[in-house]
Amino acid sequence: MTQPRNAVGVGHARVEGRLKVTGRAGYAADQNVEGMLHAVIVDATVGRGRITGIDTTRAQAQPGVVAVISHLNATRLTYRENPDSNHPPGERLQALQDDRVRFFGQPVAVAVAATLQQAQHAASLVTVTYDAEQPALGLDEGTPNAAQNYARGDTADALAAADVRMTMAYAPARTHHNPMEPHATVAQWDGDRITVWDKTQWINATQAELASVFDIPRSQVRVVNPYVGGAFGSALRPWPHVIIAALAARMTRRPVKLVLTRRQMYFGTGYRPAYDYRITLGADRRGRLTAMEHTIRAETSSYEDFREAVTAAGESLYSMPNVRIDYRSVALDVNTPIWKRGPGPATAAFAIEVALDELAHRVGVDPVDLRLRNEPEKDEGSGLPFSTRRLRECLSTGAREIGWQRRARRPGTRRDGDWLIGLGMAAGNYHTVSAPAQARVRLNADGTAFVETASSDMGPGTYTSMTQVAADALGLTLETVQMRLGDSLYPPTPPHGGSMTMASIGTAVLNGGDTVRRQAIDLAVNDRNSPLYGAAPDKVVVRDGRLTVRDQPARAETYRRLLARNDRDHLEAVGSYTPNDAGQRFSMSAYAATFAEVAVDATLGLIRIRKLVGVYDAGRIVNPRLAESQAIGGMVGGIGAALLEHTVTDDRDGRIVNANLADYLVPVNADIPELKAVYLNGEDPHMVSLGVKGLGEVVHVGVAPAIANAVFNATGRRVRSLPITVEALQ
Ligand code: MOS
């Protein structure tokens, strides 16, 4: 293929940036519909039990109040057969359907009124009485679900025979996503058709779930979501409030807007579950691993068994003959967790990478060298060769960038005034995945084009990167291509998550654009009145909307002229992507090495990050500026996980005590030092022709353990729980 690819690889600014900074990018809660009511959820104030009474008399008597809906009067909703929904057929919505309270903060009623203030006031007047029970909240208190096991070799024997054997227990805290934009839904029925404007990372799943629960065809559900103000995974599934908004709209026969408060987002959407992650490792005296045993437990709800890919790193990140993994979710009286950035691998990396640091210290081997000594030649979990794995290069580049040679061999021995200085590092990976996707590409008679695909853009820059891919495929400038996202009327896409967007949707856009360009070329070379008439199609290139026969610059014309002369008001194609079998033939991951320099106040235990360096093997980089922005965001999130973020639950009733952004700490500018992101040049040719591996998740994996290891190097104190607080260093 001779078509030049000029836009891909360039660090273009966000095409929707101006709309966002001028407030013209409308988010879900910005949508207003004629005749719209406002809904406010009343949430449970006990963590487990039964509702014994709901008094709505006073609420209903208030001006503007249209309805107060609870299990006493709500329409019964039952999930139907639906392959795209989390819910088995026959299951009830986990809210407003019966008198059970399954977790603190569960919706128990919803007040619907003409204005938001009236709805808030009415909600505050609803009196609910409970028969409360003690909720099960700790990992030792709940019921373990069936284990997910993995084993190779004979781990027990190998551990017994190992020169060095160490057992450690790691405890990363429960954390919430806390996107800036609240979760919100606006629902409008028209007979048996519904339109919802909803904060979602997966338009088609929200569409499928609404269709299932209201028993209508998917074609009668439209989900619209052009802009998302961050999500990090919290919007990867519809939460009960989405269904409640639609239910309230149906029962009141009016459009309804429902916006979760910041506090309600802690109870009403998911979170990264707390883990108890135990590792026993065996190694020789030079730090070569012989065996690892992983015993992993994590929170889930009593009504859904949430799991994530937490076992993959233990299976294949390092070389060793013997591995045993036992992973169980534990059913508790909490709402269901959900994926949060780097879901699974980020948690596993904290345990494994700190464990390797502990081993390195014990055997007196440099932590970078220890990783290099345990670098596998193939994926020892699946037996497959790696498609591309350049972790060694990530490690050596990162070591150079941070100045690793400055690291003190003995912890706690480098000082800068009152501050103890430490360097630490961690490796990590995130599996490369992709899923079927489609995109419609249309070239207009005026020489502009637009592309439509259902995917969201929660912030990574999908509008921009997809515009680049489409512009190259069509041979247009970026300015003449418009990307349209976030509408179920557009061709379907997988979740905007799991770092799969560019491989999946990008390839659909590329294929659609290539098809349209070829249609135009065919039109030209078969058109007697075209200067390109008779040329071989594969000799025609398109640049800036102008078709030219290669090496014959005089034989050229624009898309505009071509379409006008042929009386075509547009050319169009739907591009599609279907994964090939590369995933069966190769072990595919993006890789990261993160290096951290920290300073710890020797007296007070305050931790300051001085510098972070991330080096990534993520395949081809479509937009370096956006990729850097992703890496910096991933590092900031990692600083939060390492030092600040912690959803604190009251163990008496399951109340989240810091359900606000004053008490739940996230990093601010003053917490963020120099961050440096380096993407290795190169591409992975095996999965998609774009050569990408995905980068949104891998940039976060490994940040928290790198910081934890740097804190150890600074202080000699090993903290195995997250976040690492001042108290933990006292
Ligand atoms: Mo990402 S956790 O798939 O939004």
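**Helix packing around α17**

Let's start with who touches whom in this predicted model. On the α9 side, Ala 349, Phe 350, Glu 353, Val 354, Asp 357 and His 361 meet Pro 705, Ala 708, Asn 709 and Phe 712 of α17.

**Exercise 1.** Sort the residues in the contact of α9 with α17 by class: how many are nonpolar, polar and charged?

*Solution.* Step one: pick out the charged residues, Asp and Glu; in this contact α9 brings Glu 353 and Asp 357. Step two: check the tally, which comes to 6 nonpolar, 2 polar and 2 charged residues.

**Exercise 2.** Work out how α9 is oriented relative to α17: roughly parallel or roughly antiparallel?

*Solution.* Step one: find the two helices, α9 at residues 345-363 and α17 at residues 703-715. Step two: read the geometry; their axes lie 9 Å apart and the packing angle is about 30 degrees. Step three: angles under 35 degrees count as roughly parallel, so α9 is roughly parallel to α17. As for handedness, α9 passes α17 in a right-handed crossing.

**Exercise 3.** Now do it for α16: what is its orientation relative to α17?

*Solution.* Step one: α16 covers residues 624-644, and it packs on α17 at about 55 degrees, with the axes 8 Å apart. Step two: that angle makes α16 oblique to α17. Step three: look at the crossing, which is right-handed.

**Exercise 4.** Which residues make the contact between α16 and α17?

*Solution.* Step one: from α16, take Gly 634, Met 635, Gly 638, Ile 639, Ala 641, Ala 642 and Leu 643. Step three: sort them, and you get 8 nonpolar, 2 polar and no charged residues.

Definitions and conventions: Residues numbered from 1 in each chain as written. Predicted model: local features only at pLDDT ≥ 70, side-chain atom pairs only at ≥ 80, totals over all residues. Heavy atoms only, no water. Axes fitted to C-alpha atoms, helices over the stretch in contact; angles between N-to-C directions. Helix = DSSP H or I, 4+ residues; strand = E, 2+ residues; numbered from the N terminus. Parallel < 35°, antiparallel > 145°, perpendicular 65-115°, else oblique. Left-handed = near helix turned anticlockwise from the far one by under 90°. Contact = heavy atoms within 4.5 Å.
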